[in-house]
Amino acid sequence: MGLLRSLVLMLLLIWLPGLRAQPPNSARALDALLQDYAFRALVRPRTGTPYDGAVPLDLSGIKVAALRLRSGSLRRKGFDMYKEFGIPSGIIEQPYVERLVFVYQNLGNWTERYYPLPNYTYLTPILGFLAYNASNLSATNIPELDIRTSGDPISIEFSDVKSAPDGSIAKCVWFDLQGSPNFSNVRSGNECSTIEQGHFSIVVESVAPSPGPTATATPSGQKKKKKKNDSKMWIIVGSVIGGIVLLGVLSCLVVWVQKLKQRKKLQNMEKAADVGEALQMTSVGETKAPAAMVTRTQPTLENEYVP
């Protein structure tokens with residue numbers, strides 16, 4: 001049974017990490033996870049210095065960073081440029097904290113998965129800008145601070161903006177912490193502004209092609225997404241079923257080995273019983289016959305009992 005327990009433990013070590021490595025299911029769960037990875041970059045941090053964080057391989061393509069600032073200094077001076085964000089003076093946070101951390105996110109190719117926007121096409125990845133209390137840099141799952149500007153807005157200067165199709169007008173989109181989109185005008189072709197934290201991008205309204213007379217098929221993008229999700233589901237299901245089957249085979253193998261050992265032991269015992277104790281041989285004429293060394297009962301003549 002010790003061998004069986006070792007095999008079960010080995011299977012758990014192989015399959016469970018792969019099952020745990022699935023990306024978060026919601027944008028809010030992703031925010032909590034990225035806050036943790038951003039805070040990990042703050043090892044003996046210097047105030048006012050941005051630190052890039054590292055995300056796991058299953059979130060490859062996402063970038064995070066952390067910037068710790070004093071609340072008083074932030075309110076008086078602001079911060080010139082933190083990645084794509086220009087932070088003006090007059091920032092007020094609720095509740096008040098002595099130090100705060102701005103977590104930066106660039107969702108890259110994960111933008112449409114966590115922030116789907118029907119009838120719109122993204123021209124830039126989603127950029128996140130969230131504020132947290134910096135009193136405990138090892139804390140996880142902490143709520144965001146409520147920050148607002150009392151003067152100039154926070155500016156966002158996007159880089160690598162895709163060209164909008166002819167006749168389309170690019171718009172800034174801001175997602176609040178509840179995931180609701182809000183639209184505004186783009187300035188200078190690549191700049192947006194905000195007075196609150198959240199997630200930001202530049203989008204353009206999609207131009208839907210004219211449907212044919214019998215066009216009832218699902219859009220190709222949805223088909224691909226559904227096919228991709230189905231593929232992931234079958235991979236997980238196949239891994240679990242494969243693990244159960246392998247565990248069952250290994251269990252049968254262990255039981256078979258134990259029965260084989262018991263059968264071999266029984267055969268050895270039967271063989272020893274059949275052989276018994278060997279008798280010594282003696283010669284009677286020209287013939288050899290077994291002979292006992294000692295008789296159990298000495299013979300007695302009947303007349304010895306007559307008085």
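This report walks through the cores, a sheet, the aromatic pairs, a helix and some backbone details of a predicted model.

## Ground rules

Residues are numbered from 1 along each chain as its sequence is written, and side-chain values use heavy atoms, with hydrogens and water left out. Because the model is predicted, local features need pLDDT of at least 70 and side-chain atom pairs count only at pLDDT 80 or more, while totals for chains, interfaces and linings use all residues.

Helices (H or I, at least four residues) and strands (E, at least two) are DSSP runs, numbered from the N terminus.

## Two nonpolar cores

A nonpolar core is a set of buried Ala, Val, Leu, Ile, Met, Phe, Trp, Tyr and Cys residues joined through side-chain atoms within 4.5 Å. Buried means under 20% relative accessible area, exposed means over 50%, and partly exposed lies in between (1.4 Å probe, protein chains only). The largest nonpolar core has 28 residues. Tyr82, Phe85, Ile87, Phe102 and Phe129 touch the most other members. Elements giving two or more residues to this core include strand 2 (63–70), strand 3 (79–82), strand 4 (85–87), strand 6 (99–106) and strand 8 (127–133). In soluble globular proteins, nonpolar side chains tend to be buried together.

Look at Phe85 in the largest core. Contact means heavy atoms within 4.5 Å. Leaving aside neighbours within four places in sequence, the contacts of Phe85 include Asp80, Tyr104, Leu127, Phe129, Ile154 and Phe200.

Two strands pair if DSSP finds at least two bridges between them. An open sheet of four strands has the order 3-4-10-13, with antiparallel pairing. Strand 3 and strand 13 (191–194) are the edge strands, and each pairs on one side only. Neighbouring strands are turned by 20° against each other on average, direction ignored. These angles rest on axes, which are lines fitted to C-alpha atoms, for helices over the stretch in contact; angles run from 0 to 180 degrees between N-to-C directions.

Strand 3 and strand 4 pair over two bridges, in the antiparallel sense. Tyr82 has Phe85 in strand 4 as its bridge partner.

## Strand 11 and its partners

Strand 11 (170–175) runs antiparallel to strand 14, and six bridges join them. Here Trp174 has Phe200 in strand 14 as its bridge partner.

Strand 11 also runs antiparallel to strand 12 (residues 181–185), with five bridges. Cys172 stands opposite Ser184 in strand 12. The hairpin of strand 11 and strand 12 has five residues between the strands, and Gly179 there takes a positive phi near 85°.

## Aromatic pairs

Rings of Phe, Tyr and Trp (its six-membered ring) pair if their centres lie within 6.5 Å; planes under 30 degrees apart count as stacked, over 60 as edge-to-face and the rest as tilted. The structure holds nine aromatic pairs. Phe39 and Tyr132 form an edge-to-face pair, 6.1 Å centre to centre with 90° between the planes. Phe39 lies in helix 2 (residues 27–40) and Tyr132 in strand 8, so the pair ties together parts 93 residues apart in sequence. Both Phe39 and Tyr132 are buried.

Tyr82 and Tyr104 are also edge-to-face, at 6.2 Å centre to centre and 65° between the planes. This pair links strand 3 and strand 6, with the two residues 22 apart. Tyr82 counts as buried because its relative accessibility is 0%. Tyr104 counts as buried at 4%. One aromatic cluster is formed by Tyr82, Phe85, Phe102, Tyr104, Phe129 and Phe200.

## Helix 2

Helix 2 has 14 residues and reaches 20 Å from its first C-alpha to its last, close to the 20 Å expected at 1.5 Å a residue. The expected span is 1.5 Å times one less than the number of residues. Buried residues of helix 2 include Ala27, Leu30, Leu34, Tyr37 and Phe39. The buried residues pack against strand 2, strand 6, helix 4 (111–114), strand 8 and strand 14.

## Backbone details

A cis peptide bond joins Gln94 and Pro95, with omega about -5°. Pro95 lies in the loop between strand 5 (91–94) and strand 6.

Arg44 is not a glycine, yet has a positive phi of about 50°. Arg44 sits in the loop between helix 2 and strand 1 (51–52), and counts as exposed because its relative accessibility is 81%. Asn119 also has a positive phi, near 70°. Asn119 lies in the loop between helix 4 and strand 7 (120–122), and counts as exposed at 60% relative accessibility.
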